[in-house]
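User: Please walk me through a few local features of this model. Keep it brisk.

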Amino acid sequence: MEKAKGFLELNKEKAERVSRLTIHPHRVGFEGSFYEDFAVRGILVDRVESGFVSCTFKVPPRLTDKSGNLATGAVANLVDEVGATIVQVEGLSLTMNVSVDISISFLGTAKLNDELEIISKVLGRRGCYAGALVLVRNKETGELIAEGRHSLFAKQGSKL
């Protein structure tokens with residue numbers, strides 16, 4: 001426990017750097033949030049069809065790990081965001097959905113500045129439950145970086 005606690009504690013230098021950060025309050029509906037600016041900035045929608053969305057994303061330095069690879073958490077975030085987007089594109093819900101399950105197979109790695117193709121397909125829906133398949137692929141080499149399944153739930157009465 002002490003080892004974990006020591007790992008998570010900030011040293012004096014890091015604590016000072018964190019204390020100097022200025023994060024302004026988010027104005028919902030008027031501007032992007034810190035999350036949107038940090039995690040999803042740069043996703044470009046290339047094609048939208050019934051049951052299908054294709055996006056491009058160039059791996060930025062802010063989302064790489066110590067080895068220079070796209071961080072696994074960033075991959076999970078892409079699966080979450082693009083998986084939820086396809087459900088919205090299909091008009092399956094007019095209200096905010098809640099992620100019920102995200103399952104990701106990490107099959108390769110992406111490096112800084114690699115251009116990725118992220119596609120999402122609707123797997124189906126039943127009542128208030130919908131599912132999507134998300135593939136993250138290196139656009140130049142065709143290597144499959146990750147395959148994810150994302151299921152979402154919307155409360156009763158929404159148009160899911």
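Predicted model: local features only at pLDDT ≥ 70, side-chain atom pairs only at ≥ 80, totals over all residues.

User: Is strand E5 largely enclosed or exposed?

Analyst: Strands are DSSP runs of at least two residues (E), and helices are runs of at least four (H or I), numbered from the N terminus. Buried means under 20% relative accessible area, exposed over 50%, and partly exposed in between (1.4 Å probe, protein chains only). In E5 (residues 129-138), 8 of the 10 residues are buried, so the strand is largely enclosed.

User: How many bridges join E4 to E5?

Analyst: Two strands pair if DSSP finds at least two bridges between them. E4 and E5 form a hairpin with 2 residues between them. Leu116 stands opposite Asn138 in E5. E4 (residues 115-126) and E5 run antiparallel, and the bridges joining them number 10.

User: Which residue in E6 is the bridge partner of Arg137?

Analyst: E5 and E6 (residues 144-153) run antiparallel, joined by 9 bridges. Their hairpin has 5 residues between the strands, and Gly142 in the turn has a positive phi of about 80°. The partner of Arg137 is Leu144.

User: Does Arg17 count as buried, partly exposed or exposed?

Analyst: Arg17 lies in helix H2 (residues 12-19). Its relative accessibility is 45%, so Arg17 counts as partly exposed.

Terms used
Residues numbered from 1 in each chain as written. Heavy atoms only, no water.
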